[in-house]
Amino acid sequence: YELRLGEESFRVEVADDRFEVARGGADRADATIDTDPGTLGAVLWGDLPLADAQRSGNLMIDGDKAAVDRFVRLFPMPEPAAAVGPD
């Protein structure tokens, strides 16, 4: 993947249970995601559906949309921790 956040670009590689991120563009990305950090966070953690972010123009995809759907699923929200009270 290539992830563009404003003026910054990142190369994201996901393979064999590895996730690597480096500054700079990707030579042959399956998909490019162009957005801002706030929109990306909202999409990744479930506050904003990917399709809604695209419709609003706040997130653009170039390339394989199915690959972007898989990318988004790499960031599930953890289950809330149980409340711990005084003993």
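**Entry 1: pocket lining.** I listed the residues around the largest pocket: Tyr1, Arg11, Val12, Glu13, Val14, Ala26, Asp27, Arg28, Ala29, Asp30, Ala67 and Arg70. I am working on a predicted model. I sorted that lining by class and got six nonpolar, no polar and six charged residues.

**Entry 2: pocket volume and sources.** I looked up the space in the largest pocket and noted about 200 Å³. Next I asked which element gives the most to its lining. I found β2, with four residues. I also noted that β2 and α3, residues 65-72, each supply at least two lining residues.

**Entry 3: element order.** I counted three helices and five strands in the chain. I read the order from the N terminus as β-β-β-β-α-α-β-α.

**Entry 4: β1 and β2.** Strand β1 covers residues 2-5 and β2 covers residues 8-15. I found four bridges between them, and the two strands run antiparallel. I then asked what the bridge partner of leucine 5 in β2 is. I found glutamate 8.

**Entry 5: β1 and β4.** I asked how many bridges join β1 to β4. I counted four, and here the strands run parallel. Strand β4 spans residues 31-35. I looked across from glutamate 2 and found threonine 32 of β4 opposite. My note on β1: antiparallel to β2, parallel to β4.

**Entry 6: overall dimensions.** I took the spans of the C-alpha trace along its principal axes, about 55 × 35 × 25 Å. I then compared the radius of gyration with the value for a compact globule. For 87 residues such a globule would be near 12 Å, but this chain has 15 Å.

Entry 7: I looked up what share of the 87 residues counts as buried. I noted 28%, with the cut-off for buried set at under 20% relative accessible area. Residues 24 or more positions apart account for 50% of them.

Notes. Residues numbered from 1 in each chain as written. Predicted model: local features only at pLDDT ≥ 70, side-chain atom pairs only at ≥ 80, totals over all residues. Heavy atoms only, no water. Pairing = 2+ DSSP bridges. 1 Å grid on protein atoms, 1.4 Å probe; cavity = no way out; pocket = protein on both sides within 12 Å on 5 of 7 lines; lining within 4 Å. Points joined across faces, edges and corners; volume = space filled by probe spheres on them. Nonpolar A, V, L, I, M, F, W, Y, C, P; charged D, E, K, R; others polar. Rg over C-alpha atoms; globule rule 2.2 N^0.38 Å. Buried < 20%, exposed > 50% of the residue type's maximum accessible area, 1.4 Å probe, protein only. Contact = heavy atoms within 4.5 Å.
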